[in-house]
Amino acid sequence: MLIKSDRLKGIIQRAYDCKPPTKDEVKFMLEFDETSMEAKLIRATADDIIRNNSDNSAIILGQIGVDIMKCPGGCKFCTFGDDHTEFEPMRISDDELRIKVHNFVKGGDLYGLYLMTMHEYELPVLLNAVKTAREITPDTTQIWVNIGDTDTDTFKELKKNGVTGVYHVCRLNEGIDTKLKPEDRIHTMDNALEAGLELYTCLEPIGPEHTPEMLADHMFIGIERGIYQHAAMRRVAVPGTPLAKRGQISELRLAQIVAIVGLASFMVPTMAYLGVHEPNTLGYTSGANIITAESGYNPRDSNGDTSKGRGMDMDACRKMMLECGFSYLRRGDESKIPLTLDYIMEKASEI
Ligand code: SF4
């Protein structure tokens, strides 16, 4: 047996018995080097369990940035942080939004659409974007929001207008690498749940300086709350952002981390899907099964329309998931579409 650690063997055996690792065991698994045999085993285990649990299905989400400004969140890794951004304030028009939404949903297999704003946003503008998107999206596409700290009543208003869920994160080094308070971020997650919305969170933005202890502690903020989707995202060293000088972790290390997030969270009864940002094949062969297409403004991109920069379109997302061996795409009503080469060629030829 090449695996020297009895402790790791025990963690893996218990995962197959539907028992998740403890926080201490998560730290232990994060300590292995990404090129080690142990890290490969962790990735293979998460991939095997999650594919079996989900009937080897993947989902595609879409994200559209609707509003940008010098963001008072001031995150030192984000292209919109108020102390360093070079973007001018801009708001997507209703017509531009319709075109972007149409491009995402025309094939019918977008599971969920995120509408993203800065930390501060105007509720009427967001509600208008929700309404505009809702007019075009089929019933099989859910509407989600990725917005700043928000109270319960506002989340209830969003829910009343057709929003299903919220992406919200207490980031690594929140309050140090950002101007926001960790307690406010966590409070917002609780507000979303109290309003009856689903919660999608993420371990982010991971950089080379983050220790296994820090990663484990942040991973469990979402797990302890009953998330619907969890994920891991590495910090992209975007030129011009203050933290670019700290560098990036490799996609292989990110794949190890996402596998551990998967093993730790997939026993949460509400947890359905696992994401990796940005999309990459190592992550999708290590347990992740959510891919995100992006258009408009993106905090990880200095291009004002990320679909022309770092963002992937729907055809590229379908292709990557086929290449990673998924058998089905799930739509937002959980119906399954067989994912085949014929299918992606048919979708690519649709106008
Ligand atoms: S990550 Fe979000 S909150 Fe932080 S500066 Fe960027 S847009 Fe603002």
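A: In this predicted model, Asn 173 counts as buried, because its relative accessible area is 17% and buried means under 20%. Asn 173 lies in the loop between β6 (163-167) and α7.

Q: What makes the phi of Asn 173 worth noting?
A: Phi of Asn 173 is positive, about 60 degrees, although Asn 173 is not a glycine. Most residues other than glycine have a negative phi.

Q: Which value of phi does Glu 334 have, and why is Glu 334 called partly exposed?
A: Phi of Glu 334 is near 75 degrees, again a positive value in a residue other than glycine. The relative accessibility of Glu 334 is 30%. Glu 334 is placed in the loop between β12 (328-330) and β13 (336-338).

Q: Why is Thr 140 called buried, and what is in contact with Thr 140?
A: Thr 140 has 17% relative accessibility, and the limit for buried is under 20%, so Thr 140 counts as buried. Its place is the loop between α5 (123-136) and β5 (142-146). Apart from neighbours within four places in sequence, Thr 140 is in contact with Gly 108, Leu 110, Tyr 111, Arg 331, Gly 332 and Asp 333.

Q: Why does Asp 190 count as partly exposed?
A: Asp 190, in helix α7, has a relative accessibility of 29%. This value falls between the 20% and 50% limits, and therefore Asp 190 is partly exposed.

Q: How far apart are the C-alpha atoms of Asp 190 and Pro 205?
A: The two C-alpha atoms are separated by 21 Å, and the residues are 15 apart along the chain. Pro 205 belongs to strand β8.

Q: Which kind of peptide bond joins Glu 204 and Pro 205, and which kind joins His 277 and Glu 278?
A: The bond between Glu 204 and Pro 205 is cis, with omega about -15 degrees. The bond between His 277 and Glu 278 is also cis, with omega about -5 degrees. Most peptide bonds are trans. Glu 278 is found in the loop between β10 (273-277) and β11 (290-296).

Q: How do you know that the length of helix α8 agrees with its number of residues?
A: At 1.5 Å a residue, the 12 residues of α8 (residues 212-223) should span 16 Å. The end C-alpha atoms of α8 are 16 Å apart, so the two values agree.

Q: Why is α8 described as mostly covered?
A: Nine of the 12 residues of α8 are buried. Among them are Leu 215, Met 219, Phe 220 and Ile 221. The cover over the buried residues of α8 includes α2 (23-30), α7 (182-194), β8 (203-206), β9 (229-234) and α9 (251-265).

Q: What makes up the secondary structure of the protein chain, and why is the chain called as compact as a globular protein of its length?
A: The protein chain has 11 helices and 13 strands. Its radius of gyration is 19 Å, close to the 20 Å that the globule rule gives for 351 residues, so the chain is as compact as a globular protein of that length.

Q: How much of the protein chain is buried, and what share of its contacts joins residues 24 or more positions apart?
A: Buried residues make up 59% of the 351 residues. Of the contacts with a separation of 6 or more, 73% are between residues 24 or more positions apart.

Methods: Residues are numbered from 1 along each chain as its sequence is written. This is a predicted model: local features need pLDDT of at least 70, side-chain atom pairs count only at pLDDT 80 or more; totals for chains, interfaces and linings use all residues. Side-chain values use heavy atoms; hydrogens and water are left out. Helices (H or I, at least four residues) and strands (E, at least two) are DSSP runs, numbered from the N terminus. The radius of gyration is taken over C-alpha atoms; the globule rule is 2.2 Å times the number of residues to the power 0.38. Buried means under 20% relative accessible area, exposed over 50%, partly exposed in between (1.4 Å probe, protein chains only). Contact means heavy atoms within 4.5 Å. The expected span of a helix is 1.5 Å times one less than its number of residues.
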